[in-house]
Amino acid sequence: MTLFFDHKLTGADFQDKKAWFERRLPGEAHYSGPSNRAPEFEVSFDYLIGADGAHSATRFHMMKFARVDYQQEYIDALWCEFRIPPTGDGNFRISPNHLHIWPGREFMFIALPTSDRSFTCTLFAPVSHYLQLENSPQTLFEFFDLHFPGVCPELIAPGALQEQFIANPHLPLISLKCNPHHFGSSVVILGDAAHAVLPFYGQGLNAGLEDVRILFEHLDEYGAYDVTASLDSRASARKIAFQAYTEHRTADTHAINDLSKENYIEMRRGVKSPLYLARKAIEEALDRYVPSLGWQTQYTRVSFSNQRYSDVVRAVRR
């Protein structure tokens with residue numbers, strides 16, 4: 001196997017199974033020839049796996065060949081990262097055994113422990129709030145003091161809070177769905193290229209790894225790697241496997257996309273509702289103390305099992 005880094009996919013023909021790449025090295029002057037583009041080189045392939053993220057070039061070129069239903073959405077929220085440092089003697093400042101959430105109905109601040117005993121924190125808020133907070137440091141401090149008590153100055157010093165808010169980017173949140181996830185026997189997409197999800201269920205990476213497992217299970221099932229078979233037979237098997245992968249994964253990736261959106265509302269708003277807290281207490285008690293009932297919370301099903309996301313949705317509704 002040969003790995004090539006710093007190469008950009010610029011074109012693909014999924015009928016003739018050819019792709020074109022540009023070589024882009026960091027710091028290297030751009031090609032100054034015709035069209036100000038670096039020279040392309042051509043690669044022939046048996047099939048191409050596109051795992052190139054939410055702004056996938058593979059998906060873009062695949063859509064020229066396949067009838068892809070495609071939906072992209074930016075939610076009205078930006079995110080900015082902060083850091084709670086460890087204590088002077090190197091310990092966690094707050095419990096490392098929990099996800100910490102400061103809910104604010106329209107926004108929230110969360111903190112997750114890291115291996116160096118600091119916490120990586122994120123502020124999720126509508127664009128309008130970010131515009132207001134950018135006006136002055138005092139506005140930022142008042143906002144945190146009002147909505148996220150105990151964060152500043154107890155966990156993050158005022159100067160560090162301001163510095164991180166200014167220095168760290170304020171980034172958008174994108175989600176997308178598409179169907180199919182393949183074309184013929186020549187290309188298949190997985191991970192964020194096929195189903196970028198919001199981060200509020202922590203399932204983006206898991207869903208991508210599950211794509212890999214499901215894809216290769218189908219490739220094995222239909223004999224796509226049978227070295228005794230002809231190239232045409234293997235291509236036919238691969239086409240069937242790709243179709244099975246699309247049919248298997250589309251419902252599940254759409255389901256986790258929707259679950260992630262719903263969990264954002266639950267995290268920033270639902271956790272403050274007495275009804276929500278009562279329901280959660282009952283659900284978790286049944287899950288923990290009466291397992292014979294087969295009752296499991298949605299979070300347990302999603303995060304700690306291989307149950308299909310679409311099956312989780314149906315079970316929870318039931």
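Helix axes here are lines fitted to C-alpha atoms over the stretch in contact, and angles between them run from 0 to 180 degrees between N-to-C directions. The model shown in every view is predicted.

**Close-up 1. Packing of helix H7 on helix H10.** Two packed helices are described by the angle between their axes and the distance between the axes. For H7 (residues 231-268) and H10 (residues 309-317), the angle is about 60 degrees and the axes lie 7 Å apart. H7 is therefore oblique to H10. On the H7 side, the contact is made by Arg249, Ala251, Asp252, Ala255, Ile256 and Leu259; their counterparts in H10 are Tyr309, Ser310 and Val313. By class, the residues of this contact are six nonpolar, one polar and two charged.

**Close-up 2. The three-stranded open sheet with strands S4, S11 and S10.** The strands follow the order S4-S11-S10, with mixed pairing. S4 and S10 (182-183) are the edge strands, each with a single partner, so one side of each has no neighbour in the sheet. Between S10 and S11 (residues 187-189) the pairing is antiparallel and spans two bridges. Phe183 is placed opposite Val187 of S11. H7 packs on this sheet and touches S10 and S11; the direction of H7 makes about 20 degrees with that of S11.

**Close-up 3. The largest pocket.** Rolling a probe the size of a water molecule over the atoms shows where empty space is left. The volume of the largest pocket is about 1,500 Å³. Its lining consists of 46 residues, and those closest to the centre are Tyr201, Asn263, Glu266, Lys280 and Tyr299. Elements that contribute two or more residues to the lining are strands S5 (69-84), S7 (108-113) and S8 (119-125), together with helices H7, H8 (274-289), H9 (298-303) and H10. H8 provides the largest share of this lining, with eight residues. The lining is made up of 21 nonpolar, 14 polar and eleven charged residues.

**Close-up 4. The second largest pocket.** This pocket holds about 550 Å³ of space. Of the 22 residues that line the second largest pocket, Phe4, Phe21, Val43, Leu48 and Ile49 lie nearest its centre. At least two lining residues come from each of strands S1 (7-13), S2 (18-23), S3 (40-44) and S4 (48-50), and from helix H1 (57-62). The lining of the second largest pocket divides into 14 nonpolar, seven polar and one charged residues.

Definitions and conventions. Residues numbered from 1 in each chain as written. Predicted model: local features only at pLDDT ≥ 70, side-chain atom pairs only at ≥ 80, totals over all residues. Heavy atoms only, no water. Helix = DSSP H or I, 4+ residues; strand = E, 2+ residues; numbered from the N terminus. Parallel < 35°, antiparallel > 145°, perpendicular 65-115°, else oblique. Contact = heavy atoms within 4.5 Å. Nonpolar A, V, L, I, M, F, W, Y, C, P; charged D, E, K, R; others polar. 1 Å grid on protein atoms, 1.4 Å probe; cavity = no way out; pocket = protein on both sides within 12 Å on 5 of 7 lines; lining within 4 Å. Points joined across faces, edges and corners; volume = space filled by probe spheres on them. Pairing = 2+ DSSP bridges.
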